[in-house]
Amino acid sequence: MAYYVTTPVYYVNDAPHLGHAYTTVAGDVLARWHRLRGEHVWFLTGTDEHGQKVLRTAEAAGVSPQDWADRLVSESWRPLWDHLDITADDFIRTTEDRHTARVQEFVQDLYDKGRIYKGGYEGPYCVGCEEYKLPGELLDGDGEFAGQKLCPIHRRPVEILSEENYFFRLSEYGDRLLAHYAAHPEFIQPESARNEVVNFVRRGLTDLSISRSTFDWGVPVPWDDEHVVYVWADALLNYATAVGYNENPEKFAATFPADVHLVGKDILRFHAVIWPAMLMAQGLPLPRRIAANGWLLVGGEKMSKSNLTGIKPQDLTAHFGVDAYRWYFLRAIAFGQDGSFSWEDFTARYTSELANGYGNLTSRVVAMVGRYFGGALPEATAVGEAESAVHAGLTRAVAEADRRIGDELDFQGGILAVFDFVRQVNGYLTEQEPWRVAKDESPVGRARLATVLYTAAEALRAVAVLLYPVMPESSRRLWESLAAEPALGPLAGQRLAQTAEWGRLPAGATLTRGAVLFPRLGDLPTG
């Protein structure tokens, strides 16, 4: 079976912002980590291209919704994922035939089984969420929205819609969902998200409008061409259609269900309530885990276009670099919790942890091997307690990072475990003072100096592997600087089980000084 991890399919009403990139980078790190374990991985991302929100955006731009989606995908979404070094195995678009045909088959089957019926509904609808809202969820508007009811997420007025639609019998699945949550407490993470969903389901579920009839931009309902499939029912099915549902049984059996769905907390209910109920209705297995990340906040507001707090990822990568960008959000914010972003915090962490900590360590070690041994990595022949402590520290770091990232999705904890080891190695150099040992040119002194520098270089070999899922480009450059590939193979082919094995870096390899991994930052952008 593949380790199957997904991001949401993202709306193409606009270009991606930091929130979209946050979830996608987390998915990429998780996928890379499980590849590091030696597992077969399938990492899926994509775009959600149907629905009223996309239709209205396209109409405002004076183009067809398909043309709008094509342009956004080709000019914004795919280029950004390439820029951020995202290694998705598939990118699905919900307008593709491989998806739409399978969606029609899925809903037709539910209809034939009596799980879908026709009825009427009137209620407050948020186009931004593409969801009917409960009256108790709405906020009272003020200022320009005085006297109106607002969506609690987008802070925009809802619309009162009255339609005759087809409904999925969601209300019949409340008890089964609660039983599944109780039997599988790991199904929804973090615990605060799980509690929210459980309480929501306990209050009672209503049947879900699974079609729309007031516009035609969507997957046509196969038995009634005056309706299109509700955009969320359409979108959720991408997790099945992308891996061969009703098309490639062998691939589907080897991949589905997902091991982890990574989602923003604002779309948690769709994934933790509607999606598993749809699967139950069809007799399909449920995903093993749904992990909701928190919101990225700027000035206390959720980062989004509608709140005018959207920041382009490229604004940050142009200043800090792609690797630092990938590292920062997972390092600074505990996955599952809300977190605030500021240029000042990013700058402080970059300077102290990347430039002055990790980057300076690599520069010092390679420089000293060059200065004292002509660039040839010496052999460690005077190993003592200090070196054993470094080896033990590596063993701890590997185990801790693997548990945190690979099992618990605690990216922050895993990164901190690796950087604790980086600090240990920096401390080891400070204590051993190789620059002073170098003054002793006796055989004993040379052996001691060789051992200290080999120990530091071997530690960096392991750090390059451990940080490769998070910061692939700088890890590749470090791997090249250590001349590790001729003996150990490419960095992408390394395995976690071997990472803590001490002495893998061969003595005699020629270390080279490349560009500084994390150069000094220029002045902060203005405006």
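Helices (H or I, at least four residues) and strands (E, at least two) are DSSP runs, numbered from the N terminus. By that rule Thr 7 belongs to strand β1. The model is predicted, so local features need pLDDT of at least 70, side-chain atom pairs count only at pLDDT 80 or more, and totals for chains, interfaces and linings use all residues. Residues are numbered from 1 along each chain as its sequence is written, and side-chain values use heavy atoms, with hydrogens and water left out.

**The sheet**

- Six strands make up an open sheet with parallel pairing, in the order β3-β2-β1-β13-β14-β9; two strands pair if DSSP finds at least two bridges between them.
- At the edges are β3 (90–93) and β9 (188–189), each of which pairs on one side only.
- Strands of a sheet pair through backbone hydrogen bonds, either parallel or antiparallel.
- Strand β1 (residues 3–11) runs parallel to strand β2 (residues 41–48), and seven bridges join them.
- Val 5 has Phe 43 as its bridge partner in β2, and Tyr 11 has Asp 48.
- Eight of the eight residues of β2 are buried, so β2 is largely enclosed by the rest of the structure. Buried means under 20% relative accessible area, exposed means over 50%, and partly exposed is in between (1.4 Å probe, protein chains only).

- Thr 7 counts as buried because its relative accessibility is 1%.
- The side chains of Thr 7 and Thr 45 make a polar contact of 2.7 Å. A polar contact is a pair of N or O atoms within 3.5 Å; within protein, one must be able to donate a hydrogen and the other to accept it, and residues adjacent in sequence count only if both atoms are side-chain atoms.
- Not counting residues up to four places away in sequence, Thr 7 touches residues including Thr 23, Thr 24, Tyr 239 and Leu 262; contact means heavy atoms within 4.5 Å.

**Nonpolar cores**

- A nonpolar core is a set of buried Ala, Val, Leu, Ile, Met, Phe, Trp, Tyr and Cys residues joined through side-chain atoms within 4.5 Å.
- The largest such core has 178 residues, and Phe 168, Phe 329 and Tyr 358 are those with the most contacts inside it.
- Helix α17 (residues 443–467) supplies the largest share of this core, 15 residues.
- A second, separate core has six residues, among them Cys 126, Leu 138, Cys 151 and Val 158.
- In soluble globular proteins, nonpolar side chains tend to be buried together.
- Beyond its neighbours within four places in sequence, Tyr 358 is in contact with residues including Glu 353, Phe 419, Leu 460 and Phe 518.

**Salt bridges**

- The whole structure has 34 salt bridges; a salt bridge is a side-chain nitrogen of Lys or Arg within 4 Å of a carboxyl oxygen of Asp or Glu.
- Arg 37 and Asp 407 form one, with their closest N and O atoms 2.8 Å apart.
- This pair links distant parts of the chain, 370 residues apart: Arg 37 is in the loop between α1 (18–36) and β2, and Asp 407 is in helix α14 (residues 385–407).
- Arg 37 counts as partly exposed because its relative accessibility is 26%, and Asp 407 counts as partly exposed at 41%.
- Arg 349 and Glu 353 also meet in a salt bridge (3.9 Å, N to O). These residues are separated by about one helical turn because they are four residues apart in helix α13 (residues 343–373).
- Glu 353 counts as buried, at 12% relative accessibility.
- In helix α14, Glu 400 and Arg 403 are three residues apart, about one turn of the helix. Their salt bridge has its closest N and O atoms 2.9 Å apart.
- Glu 400 is partly exposed at 25% relative accessible area, and Arg 403 is partly exposed at 34%.
- A network of salt bridges links Asp 28, Arg 32, Asp 85, Arg 326, Glu 473, Arg 476 and Arg 477.

**Arg 289, without a salt bridge**

- Arg 289 sits in the loop between α10 (268–282) and β14 (290–293).
- Arg 289 is buried but has no salt bridge, and the nearest side chain of opposite charge, Asp 407, is 6.4 Å away. Lys and Arg count as positive and Asp and Glu as negative; His and the chain ends are not counted.
- The side chains of Arg 289 and Gln 189 are joined by a polar contact of 3.4 Å.
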